[in-house]
Amino acid sequence: MNQRTLALIILVPFAALTTWSLMNGGVAGIFATHKTPGGLQVFVDLVIALLLLLTFLVPHARSRGRNPWIWVVLTLALGSFGPLLYLATDRLKTA
C-alpha cells in the first residue's frame, strides 16, 4: 500500500468525523474540551506532534519542488488535514 492510498484511507473518515463534530457542536464544541487540564494536555501534544511532523514535511516538499509554506499554513490552520492532504497529493518518485 502506498502513502497516497494510506493517506486517503485516513483522510476520508477523518473528514467525515470532523464534519459530524462541527455539525453537532460547532467550532466552539471542538475547542470546549481543551478547557480541562486533560484536554489542554491533548491539545499541546497535538501541536508538538504536528510541529515535529513539519520538520520532516518542509524539507521533503522542497526536495520534490513543492512549496512547503502552503502545507505549513494548512497544518497550522487545520491540523492533521495539512499533512494528510500533502501525502494524498504527493507524486510518487519514479526511478
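The side chains of Asp90 and Arg64 form a salt bridge, with a nitrogen-to-oxygen distance of 3.4 Å. In this predicted model, the pair connects distant parts of the chain, since Asp90 belongs to the segment after α4 while Arg64 sits in the loop between α2 and α3, 26 residues away. The two partners can also be described by their accessibility: Asp90 has a relative accessible area of 2%, below the 20% limit, and is therefore classed as buried, whereas Arg64, at 24%, is partly exposed.

Asp90 takes part in a salt bridge with Arg66 as well, where the side chains again meet at 3.4 Å, N to O. This pair likewise links distant parts of the chain, from the segment after α4, which holds Asp90, to the loop between α2 and α3, which holds Arg66, at a separation of 24 residues. Both Asp90 and Arg66 are buried. Through shared partners, the salt bridges join Arg64, Arg66 and Asp90 into one network, and a search of the whole structure finds two salt bridges.

## Packing of α2 against α3

Two packed helices are described by the angle between their axes and the distance between the axes. For helix α2 (residues 37-63) and α3, the angle is about 160° and the axes lie 9 Å apart. Angles over 145 degrees count as roughly antiparallel, and α2 and α3 are therefore roughly antiparallel to each other. Their crossing is right-handed.

On the α2 side, the contact is made by Leu50, Leu51, Leu54, Leu57, Val58, Ala61 and Arg62, which meet Pro68, Trp69, Trp71, Val72, Thr75 and Leu76 of α3. Sorted by class, this contact between α2 and α3 comprises eleven nonpolar residues, one polar residue and one charged residue.

## Packing of α3 against α4

Helix α3 (residues 68-78) and helix α4 (residues 81-89) have axes that come within 7 Å and cross at roughly 140°. With that angle, α3 and α4 are therefore oblique to each other.

The residues of α3 in this contact are Trp71, Leu74, Thr75 and Leu78, and their counterparts in α4 are Phe81, Gly82, Pro83, Leu85, Tyr86 and Thr89. The contact of α3 with α4 has seven nonpolar and three polar residues, and no charged residues.

Key:
Residues are numbered from 1 along each chain as its sequence is written. This is a predicted model: local features need pLDDT of at least 70, side-chain atom pairs count only at pLDDT 80 or more; totals for chains, interfaces and linings use all residues. Side-chain values use heavy atoms; hydrogens and water are left out. Axes are lines fitted to C-alpha atoms, for helices over the stretch in contact, and angles run from 0 to 180 degrees between N-to-C directions. Helices (H or I, at least four residues) and strands (E, at least two) are DSSP runs, numbered from the N terminus. Angles under 35 degrees count as roughly parallel, over 145 as roughly antiparallel, 65 to 115 as roughly perpendicular and the rest as oblique. Contact means heavy atoms within 4.5 Å. Ala, Val, Leu, Ile, Met, Phe, Trp, Tyr, Cys and Pro count as nonpolar, Asp, Glu, Lys and Arg as charged, and the others, Gly among them, as polar. A crossing is left-handed if the near helix is turned anticlockwise from the far one by less than a right angle, and right-handed if clockwise. A salt bridge is a side-chain nitrogen of Lys or Arg within 4 Å of a carboxyl oxygen of Asp or Glu. Buried means under 20% relative accessible area, exposed over 50%, partly exposed in between (1.4 Å probe, protein chains only).
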